[in-house]
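Please look over the structure below before reading on. The briefing takes up its topics one at a time.

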Amino acid sequence: MKRRNRIWRKKGNLFLFLAFLALGACGRQKEQEETLIMRAERAEGVAEDTPALALILTSKDANENSNLIKSFREKADGQGARLLVKIPDVTEEEALEARQETGNFVLCDVNPIEYQMLLVNELVAEDVDVIAIHANHREALEPVLAAARSLGIRICAFEQEVSEGSCDIYTTAEDAPDAAVRLLDM
């Protein structure tokens, strides 16, 4: 009799455990559904017509950063556009060193270049309309920028000239915010 009670108790505990797991799974599924609904509602809250302007700078400590960001933000706000600012995690010294490399960029320390290449790809995935970039290396970034252009993203390069095939406009840092906003209107 004791043995039968132990077996029933074990089966009862097993049943309770399985019921607990099933209820937990239902709760997690409900949480996942609620999360997806909240994400969809947030996505609906962002107007599909809101243009996106992205700014890629050369380094985290460049003297020009704060002024450029402020100027781009003012211009983007004036156009009702979102501004995405991307700054590579490299120093200004590293960026200048990478920019001065000539010939085959594969032979130089490519971290400053790779960061900008990755940022361009990230912005393409975010479906921005315009990318304004102060390139860290002309030859290395040209194919990535040309690929972004082929997808319909307009490119404003400033201070570091790139080829005509990889940008829509080349300008100075001072004129870059206005030029980028003009590209938003195209």
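Predicted model: local features only at pLDDT ≥ 70, side-chain atom pairs only at ≥ 80, totals over all residues.

**Nonpolar cores**
- The largest nonpolar core has 24 residues, and those that touch the most other members are Val120, Val128, Ile131, Ile133 and Ile155.
- At least two residues of this core come from each of strand S1 (52-56), helix H4 (111-125), strand S3 (130-133), helix H5 (138-150) and S4.
- There is also a second, separate core of 18 residues, with Ala81, Leu83, Val130 and Ala176 among them.
- Leaving out residues up to four places away in sequence, Val128 touches Ala52, Ala54, Leu84, Leu123 and Ile153.

**Aromatic pair**
- One aromatic pair is found when the whole structure is searched.
- The ring centres of Phe72 and Phe158 lie 6.3 Å apart with their planes at 35°, so the pair counts as tilted.
- Because Phe72 belongs to helix H2 (residues 65-79) and Phe158 to strand S4 (residues 154-158), the pair ties together parts that are 86 residues apart in sequence.
- Both Phe72 and Phe158 are buried.

**Val85 and its surroundings**
- Val85 is part of strand S2 (residues 82-86), and with a relative accessibility of 26% Val85 counts as partly exposed.
- Although 31 residues separate Val85 from Ala54 in sequence, their C-alpha atoms are 5.8 Å apart in space.
- Apart from neighbours within four places in sequence, Val85 is in contact with Leu55, Leu57, Ile69 and Arg73.

Conventions
Residues numbered from 1 in each chain as written. Heavy atoms only, no water. Helix = DSSP H or I, 4+ residues; strand = E, 2+ residues; numbered from the N terminus. Buried < 20%, exposed > 50% of the residue type's maximum accessible area, 1.4 Å probe, protein only. Contact = heavy atoms within 4.5 Å. Phe/Tyr/Trp six-rings, centres within 6.5 Å; stacked < 30°, edge-to-face > 60°. Core = buried A, V, L, I, M, F, W, Y, C linked by side-chain atoms within 4.5 Å.
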